[in-house]
Amino acid sequence: MKMLITGGAGFIGSALIRYLIENTEHQVLNIDKLTYASNLVCLKSIENHPRYQFQQIDICDKAMFNIVNNFEPTIIMHLAAESHVDRSIDSGLPFIQTNIVGTFNLLEAARHYYSTLDKDKKANFRFHHISTDEVYGDLEGTNALFNEQTPYQPSSPYSATKASADHLVRAWHRTYGLPVVITNCSNNYGYYQFPEKLIPLIILNALDGQPLPIYGTGEQIRDWLFVDDHVKALYLVATQGKIGETYNIGGHNEVKNIDVVKNICRILDKLRPKDYLHESLIIFVTDRPGHDARYAIDATKIEKELGWQPQETFETGLQKTVEWYWANLDWCQRVLHSNYDRQRLGSQSN
Ligand code: NAD
């Protein structure tokens with residue numbers, strides 16, 4: 001099969017591409033604008049593989065029509081996005097542009113291409129939109145879980161643009177018959193995550209003896225999923241998901257931010273003992289405006305219908321992640337020095 005992946009130089013997209021090249025026979029075209037959040041080093045291990053191609057382009061560009069037509073994808077997996085909530089609060093326009101206008105442009109390119117296909121190729125074609133659980137809003141004060149019927153109530157500019165994109169994708173299915181699948185996933189963590197998100201930021205600051213900033217009191221709850229488990233779920237949905245359906249993906253790992261940070265500290269205390277406990281570096285900073293208190297996913301549908309189960313617990317995945325960052329400090333330094341403003345010390349929930 002031919003897989004067109006957007007955002008393949010980002011955290012999840014690069015993990016997906018490494019998985020596709022290493023575990024399948026598919027051809028992969030990676031489309032990425034290479035924003036601050038991207039890093040082609042994540043793809044070093046497969047960059048010269050004969051089944052892999054890369055093209056640097058903005059998904060908002062009309063040239064996407066020709067790119068899709070020329071590559072003739074069987075499946076488009078759309079991950080490209082502005083993904084950082086704090087940046088969306090500082091400046092929403094890039095989020096509107098990429099997450100809404102870019103998704104619209106890609107849907108139109110896919111619709112045009114789909115209309116040229118014969119019956120057999122039409123039957124195989126899929127447009128898989130990769131979205132987030134943040135579109136559902138906040139579960140504060142309840143024990144409820146997000147399921148595929150939960151109404152949308154996004155809180156941040158980021159989640160509002162992702163919700164808009166989800167609506168566009170559903171409309172292109174209903175109005176134009178474009179064969180789509182959508183996934184809404186909880187917070188990911190793992191190797192090669194850009195070091196302004198909570199887990200890599202805390203690991204790197206702790207290794208550096210720097211303060212470990214936590215928003216508010218750190219009571220916010222996220223449902224953490226190891227990125228490789230997400231990637232396997234994405235591949236299952238893209239290839240076996242039912243057209244027009246949505247699948248929630250989550251790791252059954254509800255953890256408070258403060259406990260995430262304390263767990264990282266405990267791992268580092270053992271891995272790299274110091275004459276102080278890493279927890280002593282924790283500081284509390286002013287909370288993010290509109291900060292959602294709790295997200296939690298009901299992943300029953302993907303588990304029952306597609307047989308997916310996460311393989312990592314939060315403990316095993318976090319241990320691997322901390323060890324990876326410690327062993328790859330050169331990658332982190334390169335990313336930090338090339339694209340990251342170290343002044344941004346706010347601790348990120350997602
Ligand atoms: P990321 O920020 O690490 O990567 C995004 C990639 O998209 C980058 O490589 C960037 O260069 C590229 N990109 C941005 N704008 C573009 C444009 N206009 N044209 C082409 N490429 C562009 O994001 P991520 O964490 O890998 O997330 C990938 C997708 O998964 C996003 O759609 C996000 O909403 C969704 N998601 C992420 C999480 C998470 O915890 N990280 C959870 C659920 C869903």
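Me: Where is H252 placed?

Reply: In this predicted model, H252 sits in the loop that runs between strand 11 (246–249) and strand 12 (254–256).

Me: Why is H252 called partly exposed?

Reply: Its relative accessibility is 47%. Buried means under 20% and exposed means over 50%, so a value of 47% falls in between and H252 counts as partly exposed.

Me: What is there to say about phi of H252?

Reply: Phi of H252 is near 55°, which is a positive value in a residue other than glycine. Y192 also has a positive phi, near 65°, and is likewise not glycine.

Me: Where is Y192, and why is Y192 called buried or exposed?

Reply: Y192 lies in the loop between strand 7 (188–189) and helix 7 (198–207). Its relative accessible area is 19%. The cut-off for buried is under 20%, therefore Y192 is buried.

Me: Which residues have the most contacts inside the largest nonpolar core?

Reply: They are I5, I17, M77, I249, I302 and W308, in a core of 41 residues. Several elements supply at least two residues each, including strand 1 (2–6), helix 1 (11–23) and helix 10 (300–306). Helix 8 gives the largest share, eight residues.

Me: What does I5 touch, leaving out residues up to four places away in sequence?

Reply: I5 touches L16, I17, L20, V28, L29, N30, I31, M77 and L79.

Notes: Residues are numbered from 1 along each chain as its sequence is written. This is a predicted model: local features need pLDDT of at least 70, side-chain atom pairs count only at pLDDT 80 or more; totals for chains, interfaces and linings use all residues. Side-chain values use heavy atoms; hydrogens and water are left out. Helices (H or I, at least four residues) and strands (E, at least two) are DSSP runs, numbered from the N terminus. Buried means under 20% relative accessible area, exposed over 50%, partly exposed in between (1.4 Å probe, protein chains only). A nonpolar core is a set of buried Ala, Val, Leu, Ile, Met, Phe, Trp, Tyr and Cys residues joined through side-chain atoms within 4.5 Å. Contact means heavy atoms within 4.5 Å.
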